[in-house]
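Look at the sequence and the model first.

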Amino acid sequence: MSVLPTELKHRLSAPLKIGNLEVNSRVLQSPLSGVTDLVFRRLVRRYAPTSMMYTEMVHASQIRHVRELPIIMEIDPGERPISIQLFDCRPDFLADAARKAVAEGADTVDINMGCPVNKITKNGGGSSLLRQPEVAAEIVRSLVEAVAVPITVKTRIGWDDGEINILDFSRRMEDAGAQMITIHGRTRAQGYTGKANWEWIAKVKESLSIPVIANGDIISVESAVKCLQETGADGVMCSRGTLGYPFLVGEIDHFLKTGCTKALPTAAERLECAKEHLQALWVYKGQRGIYQSRKHMTWYAKGFPGANELRERLARVETVEAGCELLDGAIAQLRQQNRPELDSPPVRQPA
Ligand SMILES: Cc1cc2nc3c(=O)[nH]c(=O)nc-3n(C[C@H](O)[C@H](O)[C@H](O)COP(=O)(O)O)c2cc1C
């Protein structure tokens with residue numbers, strides 16, 4: 001049972017101010033490529049209605065001349081607060097894309113300066129901007145000029161251990177007009193391995209006036225509280241902890257607002273959610289949604305006897321009916337067993 005430290009209760013009780021936008025939650029759902037589509041965000045938002053969410057990252061140059069925007073930019077009518085995340089390295093392409101994002105209903109436009117994937121960094125986007133701070137600042141300046149909504153940046157602490165430049169970099173982003181910065185406490189070289197370094201996030205927080213959001217290894221209420229205490233950050237952003245667990249942002253948000261922990265979903269309830277997720281992906285994306293649902297379902301199916309075998313079968317599902325049948329069978333079995341030890345969430349590990 002966690003206790004909400006008084007310091008946090010006071011410090012984080014006011015809304016998060018991102019430029020002229022007020023957000024009534026200090027917990028954010030990160031952009032996750034291949035995951036944070038409209039279907040996933042609906043599930044997260046059910047438990048965290050006021051939290052800031054992000055689309056999957058959108059390649060600015062790919063939407064330059066298209067008539068129809070990609071499905072990953074689709075936002076539910078009235079879905080707020082929502083940010084569309086863009087990546088590229090060309091200020092003019094990004095400015096064009098930002099105008100389209102705002103026309104789609106984005107409350108903020110976020111620039112990805114943290115993606116470690118080679119395909120993206122070799123073209124000058126994602127985390128390679130950490131090595132081109134002038135270009136990164138130019139991007140922020142041109143987006144600030146192009147649109148009226150706040151421009152935010154999500155980045156890492158540096159390129160590698162020998163090149164940790166987040167202090168200088170984040171100051172430059174603030175000077176260029178960024179209204180919030182999210183820092184993933186790993187270097188580009190780390191990818192998603194090793195522990196996130198929250199110490200650098202604390203140093204950045206001390207030196208900036210804009211909100212600083214801490215990201216990396218936020219997997220529970222306890223880790224969120226620890227991170228907020230150690231970094232002094234204005235909020236936390238959840239990432240891999242939400243894979244197969246769209247309850248996480250809401251759990252942390254509820255705790256920060258009330259000091260009480262929510263009843264955690266049982267294994268059967270988590271599988272009910274997997275089923276709803278599968279059905280919604282089928283309705284929204286058809287057969288492609290079924291293929292995408294496989295990874296989601298395997299993330300949900302963790303932490304109970306028989307989960308390994310269930311995961312193997314879910315990973316091969318071809319139809320919505322087959323997926324529902326497998327999940328219904330597992331849910332019925334879990335309910336029959338009625339085992340209280342299955343009522344806590346599985347240990348969430350990076351996927
Ligand atoms: C599957 C996956 C997709 C991701 N996609 C994005 C993305 O589109 N944009 C982005 O800024 N970061 C993306 N990230 C990085 C996460 O948002 C986050 O910064 C990182 O996972 C660290 O947090 P964690 O340790 O809590 O997972 C992605 C990470 C994963 C695992």
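## Cysteines

The sulfur of Cys115 lies 13 Å from the closest cysteine sulfur, that of Cys89, which is too far for a bond. Cys115 is buried, at 8% relative accessibility. Buried means under 20% relative accessible area, exposed over 50%, and partly exposed in between, with a 1.4 Å probe and protein chains only.

For Cys238, the closest cysteine sulfur is in Cys227, 9.9 Å away, again too far for a bond. Cys238 counts as buried, at 0% relative accessibility. A search of the whole structure finds zero disulfides. A disulfide here is a pair of cysteine sulfur atoms within 2.5 Å.

## About the model

This model is predicted: local features need pLDDT of at least 70, side-chain atom pairs count only at pLDDT 80 or more, and totals for chains, interfaces and linings use all residues. Residues are numbered from 1 along each chain as its sequence is written, and side-chain values use heavy atoms, leaving out hydrogens and water.

## Gly114

Gly114 sits in the loop between β7 (108–113) and α4 (118–121). Helices (H or I, at least four residues) and strands (E, at least two) are DSSP runs, numbered from the N terminus. Gly114 is buried because its relative accessible area is 12%.

Which residues does Gly114 contact, leaving aside neighbours within four places in sequence? They are Gly126, Ser127, Lys154, Thr155 and Arg156. Contact means heavy atoms within 4.5 Å.

## Thr187

Thr187 belongs to strand β9 (residues 180–187). Thr187 is buried, at 1% relative accessibility. Not counting residues up to four places away in sequence, Thr187 touches several residues, including Arg156, Trp159 and Ile164.
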